[in-house]
Amino acid sequence: MVVLQVYVKAKECNQPLSPEDFAIVLGKHFTSFYRQVTAAIINIVEKPWERICIDGQQHEHGFKLGSEKHTTEVIVKKSGAVQIVSGIEGLAVLKTTQSGFEGFIRDKYTILPETRERMLATEVTAFWRYPFETLASIPAKQLYFTEKYMDVKKVLIETFFGPVKGGVYSPSVQSTLYYMAKAVLARVPDVSSVKLKMPNLHFLPVNLSSKDNPVIVKFEDDVYLPTDEPHGSIEATLSRIHSKM
């Protein structure tokens, strides 16, 4: 029954909507149509189907599925109160240099040496909250939330990689994560708080030897071993003053 109503509301939309806007449409419907419903929590994940290009031309009906996903959770209350959290999942990024791991706390159990040269790979998950507290306070601009999603994604990517020429040095995943979140708050004023999760996905230099052959494979910036586990998962939340996230 609920699924049917979602299809009906989608059919009634006469213009493109962001996931956030469609979630608001559904939340308003369920809290107004059903007397016993005081609040609706709507979660939507948008998969990024991208038009195929062949010989520099866009295909009329060909698409491929991209990687990262646009997510949202919207809470709509019968009173008109609203909470909107948007996000991005599966943003896989890698830099082959300008990355190290240094300056960390050491104790008697620390065996990891510091380094100023390593690969940095991660899969970014980000969530950010908007400051709007009522339906009436949400901007009326069409595809406003899609625009903000693209703004946040752009800031995350630019801060991670740095300038095209030379990039930017990262002393640790933790440091880069902090500066990425800080940049979102600085450059996207409509975001009140942001949470980032960035697992440290390792690409380890391959050096192989044996008793009889001490140099089967000598690492010369050429052969790496990608590993899934174990890895650290780094998370942080940055908020403006008075943010509720």
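Biologist: Why is Gln98 called partly exposed?

Modeller: In this predicted model, Gln98 has a relative accessible area of 29%. Buried means under 20% and exposed means over 50%, so with 29% Gln98 falls in between and counts as partly exposed. Gln98 sits in the loop between strand 5 (82–95) and strand 6.

Biologist: Let's turn to Asn200. Why is Asn200 called buried?

Modeller: Asn200 has a relative accessible area of 11%. Buried means under 20%, so Asn200 qualifies. Asn200 lies in the loop between strand 7 (193–199) and strand 8 (203–205). Not counting residues up to four places away in sequence, Asn200 touches Arg118, Leu120, Ala121, Val173, His231, Gly232 and Ile234. An unreviewed UniProt entry places the feature "binding site" at Asn200.

Biologist: Val173 belongs to the buried residues of helix 4. How do you know that the length of helix 4 agrees with its number of residues?

Modeller: Helix 4 (residues 173–187) has 15 residues, and at 1.5 Å a residue they should span 21 Å. The end C-alpha atoms of helix 4 are 21 Å apart, which agrees. What covers its buried residues includes strand 6 (120–129), helix 3 (144–161), strand 7 and strand 10 (233–239).

Biologist: What makes Thr176 count as buried?

Modeller: Its relative accessibility is 8%, and the cut-off for buried is under 20%, so Thr176 is buried. Thr176 lies in helix 4. Leaving aside neighbours within four places in sequence, Thr176 is in contact with Leu120, Phe160 and Ser170.

Biologist: Now for the surface. What makes Trp49 exposed?

Modeller: Trp49 has a relative accessible area of 53%. Exposed means over 50%, so Trp49 counts as exposed. Trp49 is found in strand 2 (residues 49–54). Together with Phe63 and Leu65, Trp49 forms a nonpolar patch on the surface, with about 340 Å² of accessible area together.

Biologist: And Val206: why is Val206 called buried?

Modeller: Val206 has a relative accessible area of 15%, and buried means under 20%, so Val206 counts as buried. Val206 lies in the loop between strand 8 and strand 9 (224–226). Its contacts, not counting residues up to four places away in sequence, are Val217, Lys218, Phe219, Val223, Tyr224 and Leu225.

Biologist: How far apart are Val206 and Leu225, in sequence and in space?

Modeller: They are 19 residues apart in sequence and 6.3 Å apart in space, C-alpha to C-alpha.

Definitions and conventions: Residues numbered from 1 in each chain as written. Predicted model: local features only at pLDDT ≥ 70, side-chain atom pairs only at ≥ 80, totals over all residues. Heavy atoms only, no water. UniProt positions renumbered as here; feature names shortened; annotations may be inferred. Helix = DSSP H or I, 4+ residues; strand = E, 2+ residues; numbered from the N terminus. Buried < 20%, exposed > 50% of the residue type's maximum accessible area, 1.4 Å probe, protein only. Contact = heavy atoms within 4.5 Å. Expected span 1.5 Å × (residues − 1). Patch = residues over 30% accessible without salt bridge, like charges linked within 9 Å, V, L, I, M, F, W, Y side chains within 5 Å. Areas by Shrake-Rupley, 256 points an atom, 1.4 Å probe, with all protein chains shown as cover. Salt bridge = Lys/Arg side-chain N within 4 Å of Asp/Glu carboxyl O.
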